[in-house]
Amino acid sequence: MATRPGPLTEWPWQRLGNFKYVVMTPVVVHGLHQVMTKGWGDIDLAYSLILPSLLLRMIHNQIWISLSRYQTARSKHRIVDRGIEFDQVDRERGWDDQILFNGLLFYVGYLAMPSVRRMPMWRTDGAVVTALVHAGPVEFLYYWFHRALHHHFLYSRYHSHHHASIVTEPITSVIHPFAEHMVYFTLFAIPILSTIYMGNASVMGVVAYIAYIDFMNNMGHCNFELVPRWIFQIFPPLKYLIYTPSFHSLHHTQFRTNYSLFMPFYDYIYNTMDKSSDELYENSLKGTEETPDLVHLTHMTNLQSAYHLRIGIASIASKPYSHSAWYMWTLWPLAWLSMVLAWIYGSSAFVVERIKLNKMKVQTWAIPRYNFQYGLTWERESINDLIEKAILDADMRGVKVISLGLLNQTKQLNGNGELFRQKYPKLGVRIVDGSGLATAVVLKSIPSDTKKVFLHTGTSKIARAIAMEICSRGVQVIMNEKMEYDMLKSQIPENRARYLKLSSDNIPQVWIVDNIDENKQRMAPKGTIFIPISQFPLKKVRKDCTYLSTPAMRIPEEMKNIHSCENWLPRRVMSAWHIAGILHALEGWNMHECGDDMMDAEKSWSAAIRHGFLPLTKG
């Protein structure tokens, strides 16, 4: 929103939310009526392409979004080394508004101008006229309109909404108040209307021109330089005809320079070109290699989770993941295809996120595998190979710590990471499974007045550490699985094991659980508090019980470039396993935390609090 919103700031359908697509109903109904009365063969070419072209524009934009986010996470050609936050993602979630607006206006034009219905597929002379009219009147008028938008009266009421994004993404290009878009559409309609009235318009000419506008808009707002130097070396005058991402980035950081639309020659003519444009372009192309201090190694969970990655769909990634959302199921076919491609061609981990905590640099890498694949015995070797490759890659780059997230560190897969420590005893990078901090978070979640707890966790090292600590407090730990009880009792010192009890009676209201099915949950007494120790959330089946989060903490305000949620966790909340790796790097701890080795829980907790991480609940 602009600093002082003026008239026609909001889009007409803004209050409809995700139901805004109903505005396209007249277009759909018109098409259905034509099909039912005339048949498919008599539908006009111009009309038949309205809806498909809108869909293609959305796909085109999404490709740019994913490409840009992937490159800014990993590429050394980043232009502005600053982060994006949730407020920018929320502000830019309506990037498809202008596509709907254009679709409606094209439909109105189709109804109002009979000649449009007779447009051929292609006319070369019409395409030439479109290019000339764009380079002349459109670029000229846009330049001066843009300069007018930077006058304080219009800037504060309209254009400041766009400039709220200092670090741009491709979709930043179309984030403007409704009034601005009305002017932009009028400008871009000039070449189209010119060819219509000259009689040399064509359907593909119009589609190509709109695709050109989308391409240039998206490219110019990427935060990484991708226009190669050789293009300008072969044809030097091209620097006046095509801008670069670094050229337009200066407009968002300096505000009073580089006003041109796509062709910078008007900035040269009117002396508004930023003097550092060429220098920034060269520096961005050269780039600076960056070595992260920490790598957190994660993976996809279910099929739709690929869209929840930072490089996926921005509006989905900015919210806690929910597989029950109806729109996620509409993406299932593409999700299935991406899984198959990742399974066949995914030969290494890829960068999905880059964040900063003061001077510390953190990256998240994802193994191209899904939850169900970790459960396949014949896949374990190949998954361990992918994890091993990521660890060796991090070690070669000089990364200090690599933390293993989700199923990358299970005992069944690689002994909580011990496999890699044994195989490479001289590793420089420290392997961290995060068990110490996860244990601490669970312990701090237990109400302070608790006298009894029910333990349903298996015999993992986190479960063992939790049981030992609870018993040391004189709190009775009740279990109802004899095999797990015997195994756990044999691993706990005798003076503490006396607080372990095997019983199915008098079950307390504090349950510490790992994977627990619906039937087990229904056995819990009313008012039970479920405290999970797993990285995966429980399925909530009881409305009369309280379900705590998986072990996690709120991150400090100093942590930047946080604009996506970590799986199912709320905004600006990070899993204990992820935080543990950060603490390991911040504190300079030199030990591995893998296999049976675990950081002291209290030491990990104290370090987390000292560095600004906050608990989600108070015990």
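The dialogue below goes through the domains and one interface between them.

Tutor: This is a predicted model, in which local features need pLDDT of at least 70, side-chain atom pairs count only at pLDDT 80 or more, and totals for chains, interfaces and linings use all residues. Residues are numbered from 1 along each chain as its sequence is written, and side-chain values use heavy atoms, with hydrogens and water left out.

Student: Into which domains is the protein divided?

Tutor: Domain bounds come from an automatic or database domain assignment. Here they give domain 1 (14-144 + 152-227), domain 2 (294-436 + 557-615) and domain 3 (440-553).

Student: How many residues of domain 2 and domain 3 are in contact?

Tutor: Contact means heavy atoms within 4.5 Å. By that rule, 32 residues of domain 2 touch 17 residues of domain 3.

Student: What area do domain 2 and domain 3 bury between them?

Tutor: The size of an interface is often given as the accessible area lost when the parts come together. Buried area uses a 1.4 Å probe and is summed over both parts. For domain 2 and domain 3 the value is about 1900 Å², with 68% of it on carbon and sulfur atoms. On the domain 2 side, W568, W577 and W605 lose the most area to domain 3, together 34% of what that side buries.

Student: How many salt bridges are there between domain 2 and domain 3?

Tutor: A salt bridge needs a side-chain nitrogen of Lys or Arg within 4 Å of a carboxyl oxygen of Asp or Glu. The count between these domains is two. K461 forms a salt bridge with D433, with the closest N and O atoms 2.6 Å apart.

Definitions and conventions
Buried area is the accessible area (1.4 Å probe) that two parts lose on being put together, summed over both.
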